[in-house]
Amino acid sequence: MLKNKTALITGASRGIGRAIATMYADQGCNIAFTYINEDQEAVELTQLLLAKGVQVLCIKSDASDFDAAHDVVKQIVDTFGSIDILVCNAGITRDTLLIRMSEQQWDDVLNVNLKSVFNYCHAVTPYMMRQRSGSIIAMSSIVGLSGNPGQTNYAASKAGVIALVKSLSKELASRNIRVNAIAPGFILTDMTLALPEDTRSEIVKQIPMRRCGDAEEVAKVALFLGSDMSSYVSGQVISVNGAMG
């Protein structure tokens with residue numbers, strides 16, 4: 001399905017990004033991925049992907065850094081010759097009520113969650129325009145659609161991702177470049193597993209399917225959007241949330 005294509009996935013050392021990288025590699029896709037702090041996890045993922053018989057490029061880089069993003073993309077194109085899929089997955093939370101939120105907490109979340117999407121879209125677009133093909137996938141969230149108390153910074157960043165995707169899809173459609181967003185609901189990752197058990201239980205009660213999702217279920221949507229199966233899908237937000245919203 002993705003054999004001999006090249007995908008760049010930001011923030012892929014664990015969680016949803018790791019699941020996407022693994023699923024893409026299972027389909028024969030060469031993988032470049034970035035991470036920022038998880039050195040051991042990045043090494044383990046690299047070894048896992050190489051064992052699947054694909055080429056792998058692992059780069060430690062801050063997704064919120066504009067120049068660094070452009071350097072990463074150039075390195076990938078120099079290594080693989082093209083870049084076919086971009087998955088903007090890097091993200092953080094700094095949750096607190098707005099009245100208690102510091103300017104730094106606001107800026108950190110907007111820079112990593114939203115500015116990084118701009119950075120990488122800006123970097124890959126010239127290459128994809130020249131090859132007249134490409135798929136850009138940005139990770140939003142159910143919170144970007146519905147909001148959530150204590151997450152004004154996170155919600156704003158994820159809503160911004162949706163607006164960016166809808167606008168950029170119109171700019172790039174004539175060049176056969178598709179741009180879409182995925183909005184996960186409550187997905188079991190290291191971040192969510194760190195929540196107290198009673199908190200997770202309360203959240204599950206709000207999910208009509210009465211369970212949390214897993215990273216592989218989000219990765220399946222990323223596989224659809226990255227492949228030709230979604231050749232006429234662009235400017236869309238696909239929610240993966242168990243009918244939560």
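**A close look at helix H1**

Guide: Let's start with helix H1, residues 15–26, in what is a predicted model. H1 has twelve residues, and the distance from its first C-alpha to its last is 17 Å, close to the 16 Å expected at 1.5 Å a residue.

Now for its surroundings. Nine of the twelve residues of H1 are buried, so the helix is largely enclosed by the rest of the structure. If you want to find them on your screen, go along the helix and pick out Ile16, Gly17, Ala19, Ile20, Ala21, Thr22, Met23, Tyr24 and Ala25. Buried here means under 20% relative accessible area. Keep going just past the end of H1 and you get to Gly28, which takes a positive phi of about 85 degrees.

In total, 48 residues line the largest pocket, and Ile92, Thr93, Tyr154, Thr189 and Met191 lie nearest its centre. The space in there comes to about 1400 Å³. How does the lining divide by class? It has 20 nonpolar, 21 polar and seven charged residues.

And how do we find space like that at all? Rolling a probe the size of a water molecule over the atoms shows where empty space is left.

There's a second largest pocket too, with about 190 Å³ of space. Its lining includes Lys5, Asp84, Ile85, Arg178 and Asp228, along with Ser133, Gly134 and Ser135. By class, that lining has one nonpolar, seven polar and four charged residues.

The protein has nine helices and nine strands, and its C-alpha atoms fill a box of roughly 50 × 35 × 35 Å along the principal axes. A compact globule of 245 residues would have a radius of gyration near 18 Å, and the 17 Å of this protein agrees with that. Of those 245 residues, 51% count as buried. As for who touches whom, take the contacts between residues at least 6 apart in sequence: 74% of them join residues at least 24 apart.

Terms used: Residues are numbered from 1 along each chain as its sequence is written. This is a predicted model: local features need pLDDT of at least 70, side-chain atom pairs count only at pLDDT 80 or more; totals for chains, interfaces and linings use all residues. Side-chain values use heavy atoms; hydrogens and water are left out. Helices (H or I, at least four residues) and strands (E, at least two) are DSSP runs, numbered from the N terminus. The expected span of a helix is 1.5 Å times one less than its number of residues. Buried means under 20% relative accessible area, exposed over 50%, partly exposed in between (1.4 Å probe, protein chains only). On a 1 Å grid over the protein atoms alone, a cavity is a set of points where a 1.4 Å probe fits but cannot get out, and a pocket is an open set with protein on both sides within 12 Å along at least five of seven lines; lining residues have an atom within 4 Å of a point. Grid points are joined across faces, edges and corners, and a volume is the space filled by probe spheres set on the points. Ala, Val, Leu, Ile, Met, Phe, Trp, Tyr, Cys and Pro count as nonpolar, Asp, Glu, Lys and Arg as charged, and the others, Gly among them, as polar. The radius of gyration is taken over C-alpha atoms; the globule rule is 2.2 Å times the number of residues to the power 0.38. Contact means heavy atoms within 4.5 Å.
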